[in-house]
Amino acid sequence: MLTDTILFYIFALLVLGGGVLTITRHSAMHAAISLIVSLLGVAGLYLMQQAEFLFAVQIILYVGGIMLLFLFVIMLVNLDEAAKQRQFNRQWLIALVAVAAVGAQVGYFIYRGQGSFHFAAPLVAGTPAGLGNTEQIADSLFGEYLLPFEVASVLLLVAVVGSVVMAKKRI
Amino acid sequence: MHPITTVHYLALSAALLLIGTVGVLTRRNVVIILMSIELILNAVNINLIAFSHALQNVNGQVFAIFVITDAVAEAAVGLGILIALFRNKETVQADEIDLLKW
């Protein structure tokens, strides 16, 4: 139990530290590296909550796929000029006030609703039914959620076509 | 030391969501705004996984997979738009992209 607590705080530090660095660094490249650290921390949190399949998906798809896409765009688009200019826009004060208001609300609700969250059973040792995490997800995804799954594939097709059309010089 | 409960995960998720929102609202660089959106989507996923674990129900993880699918589609299209925009306007600063402004 103590190991869990320590691991949680380590991963939380990675997630939040990486997040803060992502939104404060001048260079987009540094921000991308910080975002990778943050995403790896999130992957660790998945593993702590017995979501092994999502742990693998997070590392392969986010860190391997989406961040690669970001790095390619940083390479293609010349960001040196942008790194020297002002990094924050003029509405930053009002934005911080609005976010603080939202944060106060969320914090209040989590604080007040804490009693309702006590169903958080301490880690169950192993899965009861003998089914692994991936098998459970597959059963749910290809059974109950088959239609959303197919719709998601259409969405990905649209995204592929759309991004090619956008990035191409002449169609 | 207290054992880690769902509340810890919810607080962490809320903090990450707020960090992402600050990034979206205050940064000028469009690439970093897109990265902040990824942070927000990850906060949502932490929330879904926390409840999935707490209720011992795998549906939350299926939802997280759909969220990741959306994140991939959004990043691909967003970065494609960004490349097209940079080709035409030679800028990636969000407040200099004001073609629709009166």
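Among contacts in chain A between residues at least 6 apart in sequence, 52% link residues at least 24 apart. This value belongs to a predicted model, as do the results that follow. Chain A is built from seven helices and contains zero strands, so that its elements, taken from the N terminus on, read α-α-α-α-α-α-α. The radius of gyration of chain A is 21 Å, well over the 16 Å given by the globule rule for 171 residues, and the chain is therefore more spread out than a compact globule. Along the principal axes, the C-alpha atoms of chain A occupy a box of roughly 55 × 40 × 30 Å. Of the 171 residues of this chain, 21% count as buried.

The domain assignment divides chain A into domain 1, covering residues 1-107, and domain 2, covering residues 132-171. Taken over C-alpha atoms, the centres of domain 1 and domain 2 of chain A are separated by 24 Å.

Chain B comprises three helices and zero strands, and its pattern along the sequence is α-α-α. The radius of gyration of chain B is 17 Å, whereas a compact globule of 102 residues would have a value near 13 Å. Its C-alpha atoms fill a box of roughly 50 × 30 × 25 Å along the principal axes. Of the 102 residues of chain B, 55% count as buried. For contacts in chain B between residues at least 6 apart in sequence, the share that joins residues at least 24 apart is 49%.

The contact between the chains draws on 72 residues from chain A and 65 residues from chain B. On the side of chain A that touches chain B, at least two residues each are supplied by α1 (2-24), α2 (28-48), α3 (52-76), α5 (92-112), α6 (133-142) and α7 (146-167). The most is given by α1(A), with 11 residues. By residue class, the side of chain A that touches chain B consists of 52 nonpolar, 18 polar and two charged residues.

One helix pair within this contact was examined in detail. Helix α3(A) packs against helix α2 of chain B (residues 30-55) at an angle of about 170°, and the two axes lie 12 Å apart. Because angles over 145 degrees count as roughly antiparallel, α3(A) is roughly antiparallel to α2(B). On the α3(A) side, the contact is formed by A:L54, A:I66, A:F70, A:V73 and A:I74, which meet B:V31, B:M35, B:E38 and B:I49 of α2(B). The residues of this contact divide into eight nonpolar, no polar and one charged.

A further site is provided by A:S140, which is located in helix α6 of chain A. With 19 C-beta neighbours inside 10 Å, A:S140 counts as partly exposed, because a residue is classed as buried only if 20 or more other C-beta atoms lie within that distance. When residues up to four places away in sequence are not counted, A:S140 touches A:Y145 in its own chain, together with B:V58, B:N59 and B:V62 in chain B.

Note on methods
Residues numbered from 1 in each chain as written. Chains lettered and ligands numbered in written order. Predicted model: local features only at pLDDT ≥ 70, side-chain atom pairs only at ≥ 80, totals over all residues. Contact = placed C-beta atoms within 7 Å. Helix = DSSP H or I, 4+ residues; strand = E, 2+ residues; numbered from the N terminus. Nonpolar A, V, L, I, M, F, W, Y, C, P; charged D, E, K, R; others polar. Rg over C-alpha atoms; globule rule 2.2 N^0.38 Å. Buried ≥ 20, exposed ≤ 12 C-beta atoms within 10 Å, placed from the backbone. Domains from an automatic or database assignment. Axes fitted to C-alpha atoms, helices over the stretch in contact; angles between N-to-C directions. Parallel < 35°, antiparallel > 145°, perpendicular 65-115°, else oblique.
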